[in-house]
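User: I am new to this structure and would like to learn how to read its features. Please take me through them one at a time.

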Amino acid sequence: MTGSRGSVARFRYAADVAASWCALVFVDLRLKALPHRLNNALLQPDPPRSEGAPQFDALNPEAIMNCARPVQAAARHPFLFNMSCLRQALVIRSRLYSRGIAASLVYGARKAESGFEVHAWVEAGGLRINGIEGGGFSRFGTSGGGDQRG
């Protein structure tokens, strides 16, 4: 019985990674093909859904991080698509929102030898979801629900 539960969990995770990959491709194509005025809605989405959303404990860091893991796994297989930090952050924030968890898309920059480097990450429940640990990025902008708990 335990083996079948493990198989179902692995299948669900694989399906979640596949769905995340498709979402990353969609976001990449949308950002490339549409002008900024049409992509602005993607960068400024609606607040988290509370009605009809699966119930997740927004205060549980593990639940929050579990929303990011399939996206990060999918991004390791970009093929011909750009699966940059911005694209990952947009998909992760969307996944959190769909579970009723408020999250912010954060933009940061740091000085590098060749000029500046920029990075985008998600913050929710006091956690930096897809940030670079010790990255030294200074925050210069945010969008989304703030660090509120859904």
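User: Is Phe-81 buried or partly exposed?

Analyst: Buried means under 20% relative accessible area, exposed over 50%, and partly exposed in between (1.4 Å probe, protein chains only). Phe-81 has 25% relative accessibility, so it counts as partly exposed. Trp-21, at 23%, is also placed in the partly exposed class. This is a predicted model, in which local features need pLDDT of at least 70 and side-chain atom pairs count only at pLDDT 80 or more, while totals for chains, interfaces and linings use all residues. Residues are numbered from 1 along each chain as its sequence is written, and side-chain values use heavy atoms, with hydrogens and water left out.

User: How many aromatic pairs does a search of the whole structure find?

Analyst: A pair of aromatic rings is described by the distance of the centres and the angle of the planes. Rings of Phe, Tyr and Trp (its six-membered ring) pair if their centres lie within 6.5 Å; planes under 30 degrees apart count as stacked, over 60 as edge-to-face and the rest as tilted. The search finds four such pairs. In one of them, the ring centres of Trp-21 and Phe-81 are 5.8 Å apart and the planes stand at 85°, so this pair is edge-to-face. Trp-21 belongs to helix H1 (residues 2–33) and Phe-81 to the loop between helix H3 (61–75) and helix H4 (85–98), so the pair ties together parts that are 60 residues apart in sequence. Helices (H or I, at least four residues) are DSSP runs, numbered from the N terminus, as are strands (E, at least two). Ring pairs also join Phe-79 with Trp-21 and Phe-81 in a cluster.

User: Why is H4 described as largely enclosed by the rest of the structure?

Analyst: Of its 14 residues, 10 are buried, so H4 is largely enclosed. Among them are Leu-90, Val-91, Ile-92 and Tyr-97. Arg-95, also in H4, is buried at a relative accessible area of 11%. Leaving aside neighbours within four places in sequence, the contacts of Arg-95 (heavy atoms within 4.5 Å) include Asp-16, Ser-20 and Asn-66.

User: How do strands E1 and E2 pair?

Analyst: Two strands pair if DSSP finds at least two bridges between them. Strand E1 (residues 104–112) and strand E2 (residues 115–124) run in the antiparallel sense, with nine bridges. Together E1 and E2 make a hairpin, with two residues between them. Val-122 in E2 is the bridge partner of Leu-105.
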